[in-house]
Amino acid sequence: MNAPLTSGRFDRSDRVLVIGLGRSGRASVEVLGPRVAALYATDESPRDRLTAALADLEAAGVPFVEPADLAEIFPKVTVAVLSPGIPLNGELVRRVQAAGIPVFSEVEVAYRICKAPIVALTGTKGKSTTTALIGAIFRSAGKTTYVGGNIGNALIHETAIAQPDDWVIAEVSSFQLESIRSFKPRISCIINITPDHLDRYHSMDEYAEAKFRIFANQGPGDTFIGNHDDPIVASAVGEDNNRIRARAFWFAREPHRGVTLYLRNERTIVYAPPTGDPRPVEIMDVADIPLRGAHNVENVMAAILVGLAAGLDREAIVAAVRAFEPMHHRLETVFDADGITWIDDSKATNPGAVIAALRSFDRPIVLIAGGKAKGTDFAEMGKVVSSRTKAAILIGESAAEIAKHVKRSVVALASSMDDAVAIARTHAVAGDIVLLSPGCASFDMFTSAEARGDAFAAAAGGVERVR
Amino acid sequence: MRSRRRPAASSVFASTQLARPVAAGRRAPVAPPDAWLFATVAGLVAIGIVMVFSASSATAYADYHDTAYFLKRQLIGLAIGGVLAYGAYRIDYTRLKRISPAFLAVTFVLLLLTLVPHIGLQTGGARRWLGFHAISFQPSEVAKLAIVLFVAAKLATVGEGVRSLVRGVTPLLLVALVVALPILAEPDMGTASLVVFTALGMLLCAGMRFEHLVIVTLAMLPGIVLTVGSSAYKRARVLAFLNPWKDPENTGFHIVQSLLALGSGGIFGVGLGASRQKFFYLPEAHTDFIFAVIGEELGLLGTLAVLALFAAFAIRAFTIAQRTTDRFGYFLICGCTMLIVIQAFINIGVVTSSWPVTGVPLPFISFGSTSLIMNLVAAALIMNVARRAR
């Protein structure tokens, strides 16, 4: 325990070790370099995979330390920064901790150097869309806004430049939340918690607990926003109703008591102000939301409530929602010909997202699904696929596993995306939808979910739409 | 009555209440009350004490051989009111939410008791008082506050339900009407209508729909016509308001004397204590018609000053309501403020012949211990909620 207790301010008093040289780790090196007294970097990956990263380090004048040689620099290091990909209970991290060096995640460091208030959002699905929408809402209200986290930039890039009057909108994953210490967003938001990442967590409870850390450090001056319709999110209040110390606002599809944002007659989003004049205010019609699907109504409600909680102007919020462009590879229409609509939902990487996608259409669906499974259970998805699709074309490693759970629909196995699209074409007639909503990761066949979506669009004929 | 333990949805609700935990408990020094509210109430009470003495001295000497008889009684009321108001200012007002149904029930029983011969005391043809003559009080004055507390507690949790005629509006209005009935039977049409108006006003504050206001008003219209038409005395009063000069010796007497008092005051008034109307011309000079004496002695400037104080009080109270952090507090401020302001509006309306003659005291000013005490308590509750507003 030789580390001083005052470490972790990430100023001249700290000498920092960055563990892992992925995107996040390199961002940490870049941002922290000019701030701290000394910086070291390490990574367990084989040398040949690190060529680009090492070149960057060299340019920045940051020494790379082989994992085997770490013990030599431990006495000099006051604090370590961990990239999201590296397991907390891995051997490398244990060695660092055993040397008495506190280990912080990138998101924790980003928080510590941040001058601006942070909106932190987490959830199982719809995070990226909602985070982007919140960013659009804050910009529409005239705030200088930085959006980061899981989507786009590493959060530390954004928080390093944000000024006190600006806002940082951060998408944070349960992995990132696991290793936070003092991370304290001004507004935290959980949009939903469904079974996912069970390859990493032992149980649903453990997964939910990781998500709940988002409000763990919040106090009465902060705000928590939750989805009241999601039973796991709603359980965040704790058994004695005292777990959330921030003021809590809830959104729901029905006007329950104590819900701040809800739907009136399933048509209009209504805000019931929790302070001052309590008369409900109509915010906007559901019909004016440019995003498809019932789950997107919830995402939009979450974003609106974040905006209202931040005290933004109602008109600016509504204008931003109306003008919002749907995210790529999220229920994106990529091609439309002969009455058949081709929809790319390649970023649906868990069964819950597939269920949500299937439920957002009322036309016959030909589904293309499958990929690299993450240890999730396809039984629930199988039921919805059976009841909502006329055919299910399955690809990738998990194809056989998914096929076991599909009962009534036609099931076909395909070897490639081109093959899958060709089979889909034989089943679809005018008026149908061909939906790529894999419910699995892409890494067995593609480099990314984006590449998978692009391959689908290209095969379908929407080549000009492929960016 | 709904059970106190509620399932998940309401446990979620509790956390949105924003009620700050009362830090450090009793040791914490109590913040001074809102300066604007305190000053306007103090101003009105001060005018009241002076004017009650001035307006009542003649009657007091004639009846009790003590010109300060009513002044003394009013000062006792002020002392009791001050103590109770301090209590109302100090308590954790959120606790009132839970006891409000019981409080209303007790008040209702007391109201019924006033109607029982030998228990309810009778003066001037009306049974309004309980107790012995030296220490008597008017349950109807307490009922006004009880209904505000009850309606505020219900509206705090009604949410979207206030848009429903069946689930939101009607049950609350029915409670108000049931409470108003024994008051109407005393008879005290003024206070009875005040109870209903205040409940209606609070429903509007909660977001009641305009169509429902129209429906409710139309539904109550036959009742109003029936009540007014039922007795010759009420009918005569309403008709007298339409044209008081038709029968100035009899049914129009109150109003005509009141208008004479206001008119003879002019802009600057005849001077404090110099009213002639209070010498047995103007009935109820120190109670319901005290505003006319203010107009006669202090002139238009005096009456405008009173109006300005009420306006400042109402504006300040509603401004604070916008900053409340819990819904019960919001409706408590709205209800208490409307109680006081509607009452002032009706009283001044009667005195200036803009409203049918109904016996309603001018808040803080008219003689009447129970009324003064309850108005002070209502004002203290507003200041109590204001303490916790942002």
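Two strands are said to pair if DSSP finds at least two bridges between them. By that rule, strand S14 (residues 332-337) of chain A pairs with S15(A) through five bridges, and the two run antiparallel. Everything here comes from a predicted model, in which local features need pLDDT of at least 70, side-chain atom pairs count only at pLDDT 80 or more, and totals for chains, interfaces and linings use all residues. Residues are numbered from 1 along each chain as its sequence is written, while chains are lettered from A and ligands numbered from 1 in the order in which they are written.

Chain A comes first. It holds 17 helices and 19 strands; helices (H or I, at least four residues) and strands (E, at least two) are DSSP runs, numbered from the N terminus. The radius of gyration of chain A is 23 Å, which agrees with the value near 23 Å for a compact globule of 467 residues. That radius is taken over C-alpha atoms, and the globule rule is 2.2 Å times the number of residues to the power 0.38. Along the principal axes, the C-alpha trace of chain A spans about 70 × 60 × 40 Å. Of the 467 residues in chain A, 52% are buried. A residue counts as buried if 20 or more other C-beta atoms lie within 10 Å of its own, exposed if 12 or fewer, and partly exposed in between, with C-beta atoms placed from the backbone. As for contacts in chain A between residues at least 6 apart in sequence, 67% join residues at least 24 apart; a contact means that the C-beta atoms of two residues, placed from the backbone, lie within 7 Å.

Four of its five residues are buried, so S1(A) is largely enclosed by the rest of the structure. Five bridges tie S1(A) to strand S2 (residues 38-42) of chain A in a parallel arrangement, with A:Ile19 opposite A:Thr42 in S2(A).

Just after H11(A), A:Gly311 has a positive phi of about 80 degrees.

Back to the opening pair. S14(A) and S15(A) make a hairpin with two residues between them, and A:Asp338 in the turn takes a positive phi of about 55 degrees. A:Ala337 sits opposite A:Ile340 in S15(A). Strand S15 (residues 340-344) of chain A has four of its five residues buried, so it is largely enclosed by the rest of the structure. S15(A) also runs parallel to strand S19 (residues 433-436) of chain A, joined by four bridges, and A:Thr341 has A:Ile433 as its bridge partner in S19(A).

Chain B has 13 helices and three strands. Its radius of gyration is 21 Å, close to the 21 Å that the globule rule gives for 390 residues, so chain B is as compact as a globular protein of that length. Its C-alpha atoms fill a box of roughly 65 × 50 × 40 Å along the principal axes, and 49% of the 390 residues count as buried.

The three strands of chain B form an open antiparallel sheet in the order S1-S2-S3. Its edge strands are S1 (121-123) and S3 (136-137) of chain B, each pairing on one side only. Two bridges link strand S2 (residues 126-131) of chain B to S3(B), and B:Leu130 stands opposite B:Phe137.

Finally, B:Val148 lies in helix H5 (residues 139-158) of chain B. B:Val148 is buried, with 28 other C-beta atoms within 10 Å. Leaving out residues up to four places away in sequence, B:Val148 touches B:Thr198, B:Gly335, B:Cys336 and B:Leu339. B:Val148 and B:Leu339 are 191 residues apart in sequence, yet 8.1 Å apart in space, C-alpha to C-alpha.
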